[in-house]
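Please keep the sequence and the three-dimensional view at hand while reading.

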Amino acid sequence: MSLKDQITEDMKAAMRAKDSERLGTIRLLLAAMKQKEVDERVTLDDANVVGIIDKLIKQRKDSVAAYVQAARQDLADKESAEIKVLEAYLPQRLSADEVLAEVKAIVAELGAKGPGDMGKVMGVVKTRLAGKAEMGQVSAAVKAALAG
């Protein structure tokens, strides 16, 4: 079963269970997926869906930070709950050491020498580690690998 089908089935289950918070988050995810399909006239595969989920989680994390700063804990809690629902659809994340090892292998494979090669390395890293690691963490690992 594809990830897209799993999300649709989970939406149906949330409807039956009358779990309105989970249902709202899943509908939001399905709407984002449909929007991407319509805009780009493509059928999404699991990698594309994971990319959309990553984007939505990043948006939620930014919102949580803004709400905490504005002393709106109620809204921050709502966004945090949405993050938990979305994270359930992501593959197992790599640890920081595993990310660094992957990045070092890619740098060696490409023969990248310094910070000027960061774009080339990031292009390959994004395709290989999409959904497996947070891109902020990956970017820091690439900078460290190219600096040292």
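**Individual residues and helix contacts**

Once neighbours within four places in sequence are set aside, Asp10 is in contact with Arg22, Ile26 and Tyr89. The model in which this contact is seen is a predicted one. Asp10 itself is found in helix α1, which covers residues 3-17. Is Asp10 buried or exposed? Its relative accessibility is 16%, and Asp10 therefore counts as buried, since the term applies to values under 20%.

Glu37 lies in helix α2, formed by residues 20-40. Glu37 has a relative accessible area of 12% and is therefore buried. Which residues does Glu37 contact, if neighbours within four places in sequence are left aside? They are Lys4, Val42, Thr43 and Leu44. The side chains of Glu37 and Lys4 are joined by a polar contact of 2.3 Å. With Leu44, the side chain of Glu37 reaches the backbone nitrogen, at 3.4 Å.

The next residue belongs to a loop. Pro91 is found between α4 (73-87) and α5 (96-110). With a relative accessible area of 35%, Pro91 is partly exposed, because that class lies between the limits of 20% for buried and 50% for exposed. Not counting residues up to four places away in sequence, Pro91 touches Val50 and Gly131. Sequence separation and spatial separation may also be set side by side: Pro91 and Met135 are 44 residues apart in sequence, and their C-alpha atoms are 14 Å apart in space.

Glu98 gives another such pair of values. This residue is placed in helix α5, and its relative accessible area of 39% makes it partly exposed. Between Glu98 and Leu75 there are 23 residues of separation along the chain, and the C-alpha atoms of the two are separated by 34 Å.

The axes of α5 and α7 come within 9 Å and cross at roughly 50 degrees. At that angle, α5 is therefore oblique to α7. The crossing of α5 past α7 is right-handed. Which residues of α5 meet α7? On the α5 side they are Ala96, Val99, Leu100, Val103, Lys104 and Val107, and they meet Gln137, Val138, Ala141, Val142, Ala145 and Leu146 in α7. Sorted by class, the residues of this contact of α5 with α7 comprise 10 nonpolar, 1 polar and 1 charged.

Helix α7 also takes part in a contact with α6. The axes of α6 (residues 118-129) and α7 (residues 135-147) come within 11 Å and cross at roughly 140 degrees. The helices α6 and α7 are therefore oblique to each other, because an angle has to be over 145 degrees to count as roughly antiparallel. As α6 passes α7, the crossing is right-handed. From α6, the contact is made by Met118, Val121, Met122, Val125, Lys126 and Leu129; from α7, by Met135, Val138, Ser139, Val142, Lys143 and Leu146. The residues of this contact of α6 with α7 divide into 9 nonpolar, 1 polar and 2 charged.

Note on methods
Residues are numbered from 1 along each chain as its sequence is written. This is a predicted model: local features need pLDDT of at least 70, side-chain atom pairs count only at pLDDT 80 or more; totals for chains, interfaces and linings use all residues. Side-chain values use heavy atoms; hydrogens and water are left out. Axes are lines fitted to C-alpha atoms, for helices over the stretch in contact, and angles run from 0 to 180 degrees between N-to-C directions. Helices (H or I, at least four residues) and strands (E, at least two) are DSSP runs, numbered from the N terminus. Angles under 35 degrees count as roughly parallel, over 145 as roughly antiparallel, 65 to 115 as roughly perpendicular and the rest as oblique. A crossing is left-handed if the near helix is turned anticlockwise from the far one by less than a right angle, and right-handed if clockwise. Contact means heavy atoms within 4.5 Å. Ala, Val, Leu, Ile, Met, Phe, Trp, Tyr, Cys and Pro count as nonpolar, Asp, Glu, Lys and Arg as charged, and the others, Gly among them, as polar. Buried means under 20% relative accessible area, exposed over 50%, partly exposed in between (1.4 Å probe, protein chains only). A polar contact is a pair of N or O atoms within 3.5 Å; within protein, one must be able to donate a hydrogen and the other to accept it, and residues adjacent in sequence count only if both atoms are side-chain atoms.
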